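I opened my notebook beside the model and jotted down what I looked up, one entry at a time. Come and read along.

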Amino acid sequence: MTEVPPLSAAQRETETVLAAARDNFETALRLAEESRDKPPAEAQKLLERVAELGRQAADGFKQVDARAEQAGALNNLGNAYSALGRHEEALAAKEEATK
């Protein structure tokens, strides 16, 4: 049986960043879903958190060159901005997702 070499420091860092970005993305999706059943003021607070986590996820995916996941995070970020009435930021996020 061939022994698998240990991960380098750079590979471990990439795995850590990727795991954090995925966690932020999953949490953002869950909060966005929860916001649909909340009163407007509470929904707005949740959507603000969704936008914050979405940006963190997109930045993390960009850092490790996970382009497809970055595009998904940016698309969801745009949706959160749109729901918050922040249409210019929503458009910018959607445009960034297509690059």
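**Gln 70**

I started with Gln 70, which sits in helix H3; helices here are DSSP runs of H or I with at least four residues, and strands are runs of E with at least two, numbered from the N terminus. This is a predicted model, in which local features need pLDDT of at least 70 and side-chain atom pairs pLDDT 80 or more, while totals for chains, interfaces and linings use all residues. Residues are numbered from 1 along each chain as its sequence is written, and side-chain values use heavy atoms, with hydrogens and water left out.

Is Gln 70 buried or exposed? I noted it as buried, because its relative accessibility is 13% (buried is under 20% relative accessible area, exposed over 50%, partly exposed in between, with a 1.4 Å probe and protein chains only). Setting aside neighbours within four places in sequence, I found Gln 70 in contact with Ala 58, Phe 61, Lys 62 and Glu 96, where contact means heavy atoms within 4.5 Å.

**H2 against H3**

Next I checked how helix H2 (residues 40-63) packs with helix H3 (residues 67-83): the angle is about 160° and the axes are 8 Å apart. Axes are lines fitted to C-alpha atoms, for helices over the stretch in contact, and angles run from 0 to 180 degrees between N-to-C directions. The angle makes H2 roughly antiparallel to H3 (under 35 degrees is roughly parallel, over 145 roughly antiparallel, 65 to 115 roughly perpendicular, the rest oblique). On the H2 side I listed contact residues including Leu 47, Val 50, Gly 54 and Phe 61, and on the H3 side Glu 69, Gln 70, Leu 77 and Tyr 81 are among them. By class, the H2 contact with H3 has twelve nonpolar, two polar and three charged residues. In that scheme Ala, Val, Leu, Ile, Met, Phe, Trp, Tyr, Cys and Pro are nonpolar, Asp, Glu, Lys and Arg are charged, and the others, Gly among them, are polar.

**Leu 77**

I then turned to Leu 77, also found in helix H3. Leu 77 is buried, with a relative accessible area of 0%. Leaving out neighbours within four places in sequence, Leu 77 touches Ala 51, Gly 54, Arg 55 and Ala 93 by the contact rule.

Ser 82 is in helix H3 and counts as partly exposed, because its relative accessibility is 35%. Beyond neighbours within four places in sequence, Ser 82 is in contact with His 87 and Ala 90. The C-alpha atoms of Ser 82 and Asp 65 are 26 Å apart. Asp 65 lies in the loop between H2 and H3. I flagged Asp 65 for its positive phi of about 60°, although it is not a glycine.

For H1 and H2 I wrote down an angle of about 155°, with axes 8 Å apart. That makes H1 roughly antiparallel to H2.

How many aromatic pairs are there? I counted one: Phe 25 and Phe 61, edge-to-face, 6.3 Å centre to centre with 70° between the planes. (Rings of Phe, Tyr and Trp, the last by its six-membered ring, pair if their centres lie within 6.5 Å; planes under 30 degrees apart are stacked, over 60 edge-to-face, the rest tilted.) Phe 25 belongs to helix H1 (residues 9-35) and Phe 61 to helix H2, 36 residues apart. Phe 25 is buried at 19% relative accessibility, and Phe 61 is buried at 1%.
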